[in-house]
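Here is a short briefing for a first look at this structure. Start with the sequence and the model shown below.

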Amino acid sequence: MFPLISAKQLSKINLNHNMVMLDATYAANSLELFQQNHLPGAQYVDWEKDLSVHNPNPANGGRHPLVSVKKFNSFLQKSGISSNSHIIVYDQNDSSMAAARLWWMLRAAGLKNVQVLDGGLSAAIKEGMDGFTDKQVIKPGNYAFESWQLPLVEMSDVQKAVENEDKIIIDVRAPVRFHGLNEPIDQIAGHIPTAINIPFVENLNENKTFKSPEELKKMYSKLQEKDIIVHCGSGITACHTLLAFAVAGLEIPALYNGSWSEWSRNNNKMITADN
């Protein structure tokens, strides 16, 4: 299944028992935003409880570690997801950063029929799909998986990749963070040695929808001559670029979920603005 669905395409689909729609908005007030407005039939996704682990020490796993397989199975089942479900994920950020992370998690869980609403909630509203608040009864799903099925790497793998010319490390953060000029979140500004900077925003058109498969393939296909690792600050926006690879019809690279938030808190080599 193509990993994106346009607002126009979604507007023509009738909700049915096989469809599961998830609002994956990541914000301090995400529940309030959901209660104010969401798409018909959408379920609220709680990032802090469902998708990531509260980690008081980002040096061990980064700021947004993945939940356990057991916990994610519980989320899938309470969301009514079965193996034949058509899952549509969106968020209320036009660039779909959080939706891309949930898309990756669902695909890594082995689910195939997963799509991200291109342009998010605002694109749907512009298409005439009025959002509203509603209550619904969700029938529990029966899907379960045993291990993540898309490539993941640990910090030790990235340490080896830094010394390996056959590996490419892509950092999708903004250039000012990559070059160590500004770091609003983590303790140290800079980047992993040998990493290249391709900001995730380059995956998007001016209207915040994804570029065409042809454009994205032109951007990324030449990099697939080597093994690719993708990271960001904490493992969320890196999935935006993993989604872009899938849109381009390319093999999905490995995710370093700990990302800069883990790397920079350990005694690793790094490039800062001072060196």
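Ile 168 has Ile 228 in β9 as its bridge partner. This is a predicted model: local features need pLDDT of at least 70, side-chain atom pairs count only at pLDDT 80 or more, and totals for chains, interfaces and linings use all residues. Residues are numbered from 1 along each chain as its sequence is written, and side-chain values use heavy atoms, with hydrogens and water left out.

- Strand β7 (residues 167-171) and strand β9 (residues 227-231) pair in the parallel sense over five bridges. Two strands pair if DSSP finds at least two bridges between them.
- Helices (H or I, at least four residues) and strands (E, at least two) are DSSP runs, numbered from the N terminus.
- The open sheet has five strands, in the order β6-β10-β9-β7-β8, with parallel pairing.
- At the edges sit β6 (152-153) and β8 (196-197), and each pairs on one side only.
- Helix α7 (residues 155-162) packs on this sheet and touches β6, β7, β9 and β10 (254-256). Contact means heavy atoms within 4.5 Å.
- The direction of α7 makes about 115° with that of β7. Angles run from 0 to 180 degrees between N-to-C directions, and axes are lines fitted to C-alpha atoms, for helices over the stretch in contact.

**Around strand β5**

- Strand β1 (residues 4-5) runs parallel to β5, joined by two bridges. Leu 4 has Val 116 in β5 as its bridge partner.
- Strand β4 (residues 86-90) also pairs with β5 in the parallel sense, over three bridges. Here Val 89 stands opposite Val 116.
- Strand β5 (residues 114-117) is covered on both faces. Val 114 and Val 116 on one side, and Gln 115 and Leu 117 on the other, are all buried (under 20% relative accessible area, with a 1.4 Å probe and protein chains only).

**Helices α4 and α5**

- The axes of α4 (residues 69-78) and α5 (residues 97-108) come within 12 Å and cross at roughly 100°. That makes α4 roughly perpendicular to α5 (65 to 115 degrees).
- Phe 72, Phe 75 and Leu 76 in α4 meet Leu 102, Met 105 and Leu 106 in α5.

**Trp 104**

- Trp 104 lies in helix α5. Trp 104 is buried, with a relative accessible area of 0%.
- Leaving out residues up to four places away in sequence, Trp 104 touches Leu 66, Leu 150, Pro 151, Leu 152, Cys 239, Leu 242 and Leu 255.
- Trp 104 and Leu 242 are 138 residues apart in sequence and 7.6 Å apart in space, C-alpha to C-alpha.

Technical notes:
Angles under 35 degrees count as roughly parallel, over 145 as roughly antiparallel, 65 to 115 as roughly perpendicular and the rest as oblique. Buried means under 20% relative accessible area, exposed over 50%, partly exposed in between (1.4 Å probe, protein chains only).
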